[in-house]
Amino acid sequence: MRVDAYDKVTGKALYGADRVLPGMAFAALALAKIGRGRVSGVDTSAALAVPGVLLVETKFDLASPGFLMGGGFGFQSLQPMTDDHIAYRGQPIAIVVAETPVAATEAAEAITAEYEEEPFALHLDSEGATTLVQEEAIPLPFLADIKVGDADAVIDSCAVRIEETFEHPPQHAVPMELNGGVVWWQDDRLIVHEGTQNANAVRFGLAQQLGIDAELIEVHSPYVGGGFGQKNSLLVHIGPLAVVSRRLGRPVKLVLARTQTFHNGSFRPATKHRIRLGADATGRILAAVHEVDQQTSRHDLFIAGHTEVTSRLYGFSAFRGRQRLVQTDVQTPGYMRAPFESPSMFAFEQAVDELAHTVGRDPVQLRLDNDTETDPVTGLPFSSRHVGDCLRRGAELFGWSGRNPEPGSMRAEDGSLVGWGVAIGNYPGSIVAANATLTASADGRVTVAVDGHEMGQGIRSTVALLVARDLGIPVADVTVQVGDTTVGTQHLTAGSWGTATALPAVHSGLQELRKHLNVADTGDVDVASAVADAGHAVQVSVGSLGPGQTADALAQTNTGHLAISGPVFPGFVTFSWIAHFVEVHVEPTTCRIRVPRVVSVADCGRVASPVTAASQVRGGVIWGIGAALREESMVDDRVGGFLNTTLEEYPVMVNADVHRIDVDFIDKPDYQFNPVGVKGLGEVSMVGAAAAVANAVHHATGRRHHRLPIRIEHVL
Ligand code: MOS
């Protein structure tokens, strides 16, 4: 059940840029056409001559919003159009406002500029790219390289050694909803409607950029048409939009063109992974090394979190991680669904598959034999880890026992080579400090305002179900408000902490509400009569913390900053887990790869909302298939920036690419993590899916692929 399904399919749900206001004008951006350098002059005369053009601006007096991961609010620290420096192709150099979107676009395209060009670097191994050791460049304890024992020495002494290097290309999330919104001023009050996963950062970031009090800014993002991380912070168009709206005294709408979103929003950076495994003859993994180089921009260090997951995957006695950042001439990369975990697992779980192949063990059994109840990094217990159950149930549902282990040995009726592959995945369990306000009214309805954003994952349904079940009232009597800074703080919704954050906050709000309604701690409640007895509508507000967090964390949330806890908590460590089983068919003459079926079994603690949970896993698997076989943001070595910036040339998965995906859950609550027993799901869904496809391709063809995506020409 999805409580907002009707509103969405009937168009009643308004997304960021859907609002139409009287007197509204339309903006468009002109972008830099060089890879790096300086803009020495912008010619706006042709743009100003376009009928209907109201304003063309090339310079703004805006402060940097700061980089989200450096304590700021922006997807990058660099605010375009504040000086003549061009850091990357596609950086905005002018904004046009006109009476119609057509006039604005035409005028923006008529803008020309003169540049002084400088050489640029776009690849991890480009001349001029600068490589930094992350733990030295950002000396924070949680970014220190993970080292347990002497992994290299253990591996060197092992009977079986695997050493492989894998490359993962840059990717863009290309959510269906384009970046953009509508802003206007009511006297000194700035009102922003923008599709964002972090209304709080938009609010406080704009306050910093404009030099005004955050109290004067309200941000509304009740629905997001797909975020996937690209909308998790203040984007570069909003500050200039606020300025031109004030100047004109009119509401202004800006929607970026699809091609523009490839340079004006974050992307998944390129990575290179070197994996070393040392095992005994039975395939018991004794030690592992995971070295990662990850792309970042010149102006920000986008932190790498790859080894956080791989170091927990199996019961290693020794592990060594090393993460380096490579500065290149791009906008700052960022989070894209399972940002580190999916590329890491593509590399690590292929190496594990290679180990199984080398020692002649079944890849499911080998993984079960390397399972652990104890976190190898901290020595603490996992609050829950049912990845063994995921593997066993998945194998059963898939029919894994019918697999012939010999690569190239299985054929489909049409002669296609058949490959069956498996991989597991994990994702850190996090909870952020959050606020919830619950109101019981005389008509028996309950309204819940809680930190969170609805971006398709179904947070309204999940919250409404919890409240309805707790109080014994119909789901239809619960209203859930998210993504709106006028009703709550609206901390960043990302990192798969949405459910594990909102539900415990609402859970504690419900306990408080029961007290104020003067009803029992549990059991059904007649809300209308309890409110009548109280004599007035009853409202409670609670602040909720992750395990081990202190009140400082709420203060962080309340001032627009991040307040994340996990995956290491006092006394335990939390991850979500998944196992993917994939069948591929490789057509023998064209080598076209199809994925006729996938079985995925997840351990996300208690399943809070069965319909939306299954949908999340399907989505994650589809992303994994896309990563394995299609998606790559190619860079343009001649002129800089990204090359394939359309949906024609950046092929996301469509119906013809996706066939049967069966989803199941272990559904065991994790009450140590939080009182509702829920863990994250949105991102773990994708982790390991690309690896399982690649492992299936290996099983079908006997060929191991070290670079994604695996295209026909690589298989031929
Ligand atoms: Mo997500 S990539 O944590 O917004």
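Which strands does helix H3 (residues 101-109) lie across, and at about what angle does H3 run to E1? Helix H3 lies across strand E1 (25-31), strand E3 and strand E5 (92-98), and its direction runs at about 20° to E1. Here axes are lines fitted to C-alpha atoms, for helices over the stretch in contact, with angles from 0 to 180 degrees between N-to-C directions; helices (H or I, at least four residues) and strands (E, at least two) are DSSP runs numbered from the N terminus. This is a predicted model, in which local features need pLDDT of at least 70 and side-chain atom pairs count only at pLDDT 80 or more, while totals for chains, interfaces and linings use all residues. Residues are numbered from 1 along each chain as its sequence is written, and side-chain values use heavy atoms, with hydrogens and water left out.

**Overall form**

- The secondary structure of the protein comes to 19 helices and 29 strands.
- The radius of gyration (taken over C-alpha atoms) is 26 Å, close to the 27 Å from the globule rule (2.2 Å times the number of residues to the power 0.38) for 716 residues, so the protein is as compact as a globular protein of that length.
- Of the 716 residues, 62% are buried, where buried means under 20% relative accessible area, exposed over 50% and partly exposed in between (1.4 Å probe, protein chains only).
- Among contacts (heavy atoms within 4.5 Å) with a separation of 6 or more, 81% are between residues 24 or more positions apart.

**The sheet of 7 strands**

- This open sheet has the order E3-E5-E1-E13-E10-E11-E12 with mixed pairing, two strands being paired if DSSP finds at least two bridges between them.
- Its edge strands, each pairing on one side only, are E3 (53-57) and E12 (217-220), and neighbouring strands are turned by 20° against each other on average, direction ignored.
- Strand E10 (residues 180-186) is joined to strand E13 (residues 252-255) by 4 bridges in an antiparallel arrangement, with Val 183 opposite Val 252 in E13.
- Helix H6 (residues 199-210) also packs on the sheet, where H6 touches E10, strand E11 (189-194) and E12 and makes about 145° with the direction of E12.

**The sheet of 5 strands**

- A second open sheet runs in the order E17-E18-E27-E28-E29, again with mixed pairing, and has E17 (410-411) and E29 (660-665) as its edge strands.
- Helix H18 (residues 689-701) packs on this sheet, touching E17, E18 (417-428), E27 (575-586) and E28, with its direction at about 155° to that of E18.
- Strands E18 and E27 pair in the antiparallel sense over 12 bridges, and Val 422 stands opposite Phe 581 in E27.
- Strands E27 and E28 pair in the antiparallel sense over 9 bridges and form a hairpin with 6 residues between them, in whose turn Cys 591 has a positive phi of about 60°.
- Strand E28 (residues 593-603) runs parallel to E29, to which 6 bridges join it, and Ala 602 stands opposite Phe 665 in E29.

- Asn 426, found in strand E18, is buried with a relative accessible area of 0%, and its contacts include Glu 341, Phe 575 and Trp 577.
- A polar atom of the Asn 426 side chain lies 3.0 Å from the backbone oxygen of Val 309.

Notes: Polar contact = N/O pair within 3.5 Å; in protein donor to acceptor, adjacent residues only side chain to side chain. Lists of a residue's contacts leave out its neighbours within four places in sequence.
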